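The following exercises are meant to be worked through with the sequence and the coordinates side by side.

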Amino acid sequence: MRVKEAEANMTTEVEEQLGGIRVVKAFGNEEQASNRVEGAVQKIYDTSLGYLKLRTRFVPLFELIPMVITLAVLLLGGYLTINNFLSLGEFIAFTQYVFLLIWPLRITAWFLSEIPSSVAAGNRILELLNETPTITDDESPNELPEDGDGSLKFSKVNFKYGNEKIFDDLTLEIQGKKTVAIVGSTGSGKSTLAYLLPRLYEIESGSIEIDGVNIKNLRLSDLRSNVSLAFEESFLFSNTARENISLGLEDASQEDIEDAALIARAHDFISQLPESYETKVGERGYGLSGGQRQRIALARAILRKPRVLILDDALSAVDASTEEEIRNELNQVMSNMTTLIITNRVPTIELCDEVVFLENGKVKAQGKHQELMESVDTYKSLFLENENSEI
Amino acid sequence: MKENTFIRSFKLVPEVHRPFFFASMIAMVGTGVRMIGPQLISRGIDNGVMQYDYQYLLIQCLFYFLTLVVLYFLTSKALLSIGLVGESYVKSIREKLFRHMSSLDINYFEKNKTGVLVARMTSDMQSLNEFAREGASSILTSLLTIFGATIAVFLVDVQLSLLSFLILPLLGIATKIFRNHADKTYWSVREWIGQVLSSLQEGISGVRIIQAYADESKQLKRFKEVNNEHLKANMQSAKNIAIYFPFLEITRVTSIAVVIWFAAARIEQGTLTVGELVALLFYLNYFFDPLIQLSFNYDLLRSAGSSMKKVFSILDEEPVLSKTGTLSPEVDSNNVIKFENVEFSYGRETVLHDVSFSIDRGEKIAIVGETGAGKSTIAKLILRFYLPNKGDVKFYGESSKDISQKWARKNIAYVPQESFLFRGSIRDNLIYSNPEKIDLKSELENIGLIDWFERYENGLEQDVGERGANVSAGERQFIALLRAVLAKRQIIVFDEATANLDIESESSILDATDTLLDYQTSVVIAHRLETILNAEKILVMSEGKLVGFDNHETLLVNNETYQQLFSAWNLVN
């Protein structure tokens, strides 16, 4: 077990030194990096020796067992044969039977030595299988009203991450088809708000309603196909660009996909990829820039024409002029759905119908950007310093 | 393939040659002792049992027992020394590999993902490790036993040995066929386990997206498909063994049957004793038994071999930059950096076209431009992470082709966009460039930043966590920049973070950052307006061309690209 620990330590060390290789090289500190890794490698060597010594003491014993049996056969069988209790043929047969034992014994020894680690592995698997998802479908789920426009209502929502209280009796109403900026300092729970709507996390108490229906009473698949998220960290699967955009919607037509890509300003660069929409992207696929990845993720969010669209700093890696183009395009799309934009960028905020300002786990203020700038001091101070330094 | 992987692997670590030879010698002596046993049994039967002399049999048994005791110690010693050789081998390979990796050009690390390189040192090494720990000794003893048993049978009786080995060519052919199949299945098992792992990895790291888009069933279907292929490949591997083993068994039994058949006649004639027959049977079993062992270890050998191939693929990479250039220019001239008609491409398309500019000592330069304009390429050329394809980059009047890598590293500091901190305290990170020499306290006092660290509970001793996770993004970048400043290089290249810093809490960092940049000749890839306004001169890049190099006011009047960029930033106002 200590060997495993030493190996894990070395992995951490190697990950760190290679992850920071640019820094290592920029400071010409390759020697120091190598020394640290070598220290970790030496530890593996040292711990392995103990294990090796133990093993080499026991393994030869198993090989000796059949030989010891042979010895016994010789002693006893010889005695019996000499005294005519056993024929010579039977005696010789006995000496050969011992050989049939060698292989099973060795295999048994090997299996026995594997048992502890197999049991440990099995226990870990069982532990995992015993976990049950806590967020599940309601037994008699409700339907979203056909004509709903995506209005949102948070009533007295409480939520904790571990021990850290994020929302404290948060109450908030957002009218359907509005575009709302969610603003707040780091740690104010802006992103958490985005995760609560599609029930990626369960609230502790209170309720969240979409078009008057509590999200707890909705089928998860219904809820999630009506709430689309795009994160700052856009995750692409090792699949074609088309499949990445149509995630969760297998029957999306090429036309719809291209429309979504056009709005997200992703169509142009996708068309230029070697196999256009069929090009593999993602970890092992065609290398895309951060901005391009975000645009694909955005197309993915738009494609399903959700009632509620949530953009969590989803355009942070897109350059300024493209972002403006996307914003203009989005304007048309956003008029058909409720859009929450999590951002602290003023130009983006100004595009929104209203602003929800989060502070200390509550909605501190809700209204037009200009109004809040005039009436809420903490809101204003967020941007006063921002103004000079924001891109 | 230039050379057989096996031979090359052996040559790679000369320090294990001697211990390996020593270990083999012990194993060989052990094999010799093992071969004595059947002889003693044979004598015990012929002169003891057959002659009704129990006394004699007892003496032979005593001898046999003694060989067993000796055998235990020899085997144990042999296993230990081979194990030691294996461990030192793996250790040495890891050290060599990392040393070599860290000497490679930055270019290599941009082409290869860190995760893959880490795997080369860890999980890919696993099979080599397994081989060193268990496989090597097992294969060595098996081979020696086969060898020893062959000699022993011939010593007992040449005619019968020849007869019993008549079936061997058939076994040889079967083994060859088995190996071919085993090779094929081996690769498909590897391929599919790779797919299973990456499918798992993707499913887990992308779980939020998968859940948010209710794509669970499709993901599960994809996983089941690859998992099923993996199962099929494994079953094929089991099938190979299931066909080969019975065949091995048949050969063994046939060869023993042949011996007994002919031995009966020979005993009748009186040219063979019963004891000799028993000894022959023992030796034949010693011959066939290790074959099973070997076929079990075949896959292990195979994967150790492919681990080594991966090791070699890295060792065969040659660092280019550290081998070119030997000059260490004096740093007294005023012209620090000069680009002369520089053209550059990473391979496919040209990303810099005919770029010329020069930077004087102490100047603060900002580089601006849209994504893909060539900003970071310029930074990388200044860092001498690359050499230009055409034209020249000069440091203090000397071409970057001629100056030594070491000089570049000791005179140019770099702060990457994603600030990387090492585990340990803030202090450890700040003195990274020269842990013994930097008097951190007085340096910080000089810069006037000593109070800045009071924000942390433990001050400078605050632990930053893995990759600096315990401090904010802005603080990380600041510490990284300060680390570069404390290294006291002539030139600082600073790639400013684009991430949306939470300005309210980070403004003090930004102020301190501006202070720091005054200390050296600095080139900043700028993303914040404030940084740009603070720069003395601004390099404006557009589509790989230099379209302007002047101060803010002048550029604002006469540079169209800059005007556009500026109005985009300035949407705020």
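**Exercise 1.** Which residues point one way from β3(B), which point the other way, and are they buried or exposed?

*Solution.* The model is a predicted one, in which local features need pLDDT of at least 70, side-chain atom pairs count only at pLDDT 80 or more, and totals for chains, interfaces and linings use all residues. Residues are numbered from 1 along each chain as its sequence is written, while chains are lettered from A and ligands numbered from 1 in the order in which they are written.

Begin with the strand itself (a DSSP run of E, at least two residues, numbered from the N terminus): β3 of chain B spans residues 364-368. Lys364(B), Ala366(B) and Val368(B) point one way and Ile365(B) and Ile367(B) the other way, and all are buried, a residue being buried if 20 or more other C-beta atoms, placed from the backbone, lie within 10 Å of its own.

**Exercise 2.** State how far apart the centres of the two domains of chain B lie.

*Solution.* The domain assignment (automatic or from a database) gives domain 1 as 1-157 + 300-319 and domain 2 as 335-572; their centres, taken over C-alpha atoms, are separated by 53 Å.

How values were computed. Buried ≥ 20, exposed ≤ 12 C-beta atoms within 10 Å, placed from the backbone. Helix = DSSP H or I, 4+ residues; strand = E, 2+ residues; numbered from the N terminus.
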